Each structure stands twice: as structure tokens, then as C-alpha cells.
Amino acid sequence: MKNTILVTGASGYIGAMLVKRFDALDSVERIIALDKEPMPELLEECEKVVFLQINTAEKWQEQVASYEPSIVIHAAWQIREIYGDRERSWKWNIDGSDAVFDFCFEHSFIKKLIFISSIASYGAFASNTVDTFFTEENPLRESTSLYAEEKRISENHLHQKYELYHHENPQLSIRILRPASIT
């Protein structure tokens, strides 16, 4: 069976590279590439891409549902703080993530959700050392960094939604990736 994959943040660094790689795989039938920014040049020659220039905090669900993606990779994120506009950052990051998570629980055709979070969810503190290895048993910690705090909050929202709604889509497999840096 060939997969249809939704990649949010498809114009960003991680999202664009993922879309480009998926386009070359025989096991992928279609990639729905969603981003608030225009399609990057890197993706212009991709044959399997349906590009939607929409923010995850806007209405995209019906259009994407028509393609019935089996895999969702949520990489959309406003990394840099929008100077003087934390409310918009919250809307794009937290409300947008909530919309993606809700979409996954609401549709049984989705089998896998991968959320690209960050090691920053554990907090960047002077007490952390290179010998500190965080595991799922470690709590996510509040931070003064907006990026880290919003990632922590969105992970908490995903956990809460899982507790409430996993029975509606019990075959949904969820993975959270927390890279430290990607170059």
C-alpha cells in the first residue's frame, strides 16, 4: 500500500527536506505539503506534491481530509518570536498544533502522527550537562524561553488529547521527536 503523507511546515528547513525525500520513495503516493509560506524552490520539481499555502491555525482540515493522509508529520513552527506579538505566535504554534492533533484523532484513515518537537521541552538550564540524558520519565520543565515553553505546552496538549480521544482512533501511532539541533 502506498502512503499519502501530510507534512506541515513544508516550506521550512525540516519540512522541505522531508517532502523532497518522500517524493523520491516508491512507497509514497502523494505528499500534502502545508505551510503559511510559499512553496520553496527545492520542491518545485517534486511530482507527488500537492502544496497548500495555509497556516495550520487556519481552515485546512476539509481540504486535507479529501486526500486521506495515512501519515501526518507536524513540523510547522514559528521558531523566532514575533517581536511584540506573542499572541500571534501562540495562535500559530499552540492553536495550529492543536488543530493538527485534533485532525489526527478525528480521522481513522490516519495511522501515524509524528510531532517534531525539541529537546528544549525539557528546559535549557545551567544545571543541565552534556552527561544529562533526558528520558520519557523526566518531566518537561517550564522555561522562560518562548520557544521551549510553547513546545512544552504543545506536547502537554498532545498528551491530554491522547488521554481524552485515543479511543476514537485507537490505531493511531504517535511519536514525538525532540532533536537538539539539525544542520
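The buried residues of helix α3 (86–106) are Ser-89, Asn-93, Ile-94, Gly-96, Ser-97, Asp-98, Ala-99, Val-100, Phe-101, Phe-103, Cys-104 and Phe-105. Here, buried means under 20% relative accessible area, exposed means over 50%, and partly exposed lies in between, with a 1.4 Å probe and protein chains only. The model is a predicted one, in which local features need pLDDT of at least 70 and side-chain atom pairs count only at pLDDT 80 or more, whereas totals for chains, interfaces and linings use all residues. Residues are numbered from 1 along each chain as its sequence is written, and side-chain values use heavy atoms, with hydrogens and water left out.

Helices (H or I, at least four residues) and strands (E, at least two) are DSSP runs, numbered from the N terminus. Helix α3 has 21 residues and spans 29 Å from its first C-alpha to its last, close to the 30 Å expected at 1.5 Å a residue; the expected span is 1.5 Å times one less than the number of residues. The buried residues of α3 pack against β1, α2, β4 (71–74), β5, α4 and β6 (173–177).

The largest nonpolar core has 25 residues, and Leu-6 and Trp-60 have the most contacts inside it. Such a core is a set of buried Ala, Val, Leu, Ile, Met, Phe, Trp, Tyr and Cys residues joined through side-chain atoms within 4.5 Å. At least two residues of this core come from each of β2 (28–35), β3 (49–53), α2 (61–65), α3 (86–106), β5 (112–116) and α4 (146–165). The most is given by α3, with seven residues. A second, separate core of 17 residues includes Val-7, Ile-31, Cys-46 and Val-49.

Contact means heavy atoms within 4.5 Å. Apart from its neighbours within four places in sequence, Leu-6 is in contact with Ile-32, Leu-34, Trp-60, Val-64, Pro-69, Ile-71, Val-72, Ile-73 and Phe-103. Ile-5 is found in strand β1 (residues 3–8) and is buried, with a relative accessible area of 2%. With neighbours within four places in sequence again left aside, the contacts of Ile-5 are Phe-22, Val-28, Arg-30, Ile-31, Ile-32, Pro-69, Ile-71 and Ile-73. Ile-5 and Leu-140, 135 residues apart in sequence, are 29 Å apart in space, C-alpha to C-alpha.

**Strand pairing**

Two strands pair if DSSP finds at least two bridges between them.

| Strands | Bridges |
|---|---|
| β1 and β2 | six, parallel |
| β2 and β3 | five, parallel |
| β1 and β4 | four, parallel |
| β4 and β5 | four, parallel |

Thr-8 has Leu-34 in β2 as its bridge partner. From β1 the chain crosses through helix α1 (residues 13–23) to β2, and this β-α-β crossover is right-handed; that is, with the strands pointing away from the viewer, the path from the first strand over the helix to the second runs clockwise. Ala-33 has Phe-51 in β3 as its bridge partner. Because six of its eight residues are buried, β2 is largely enclosed by the rest of the structure.

Val-7 stands opposite Ile-73 in β4, and Ile-73 stands opposite Ile-114 in β5. The chain crosses from β4 through α3 to β5 in a β-α-β crossover that is also right-handed. Both faces of β4 are covered, with Ile-71 and Ile-73 buried on one side and Val-72 and His-74 buried on the other.

**Loop residues**

Ser-117 lies in the loop between β5 and α4 and counts as buried at 2% relative accessibility. Its side chain makes a polar contact with the side chain of Ser-121 (3.2 Å). A polar contact is a pair of N or O atoms within 3.5 Å; within protein, one must be able to donate a hydrogen and the other to accept it, and residues adjacent in sequence count only if both atoms are side-chain atoms. Neighbours within four places in sequence aside, Ser-117 is in contact with Tyr-147, Lys-151, Glu-155, Ile-176, Leu-177, Arg-178 and Pro-179.

Glu-45, in the loop between β2 and β3, is exposed, with a relative accessible area of 72%. The C-alpha atoms of Glu-45 and Lys-20 are separated by 9.2 Å, the two residues being 25 residues apart along the chain. Glu-68 is in the loop between α2 and β4; its phi is near 50 degrees, a positive value in a residue other than glycine.
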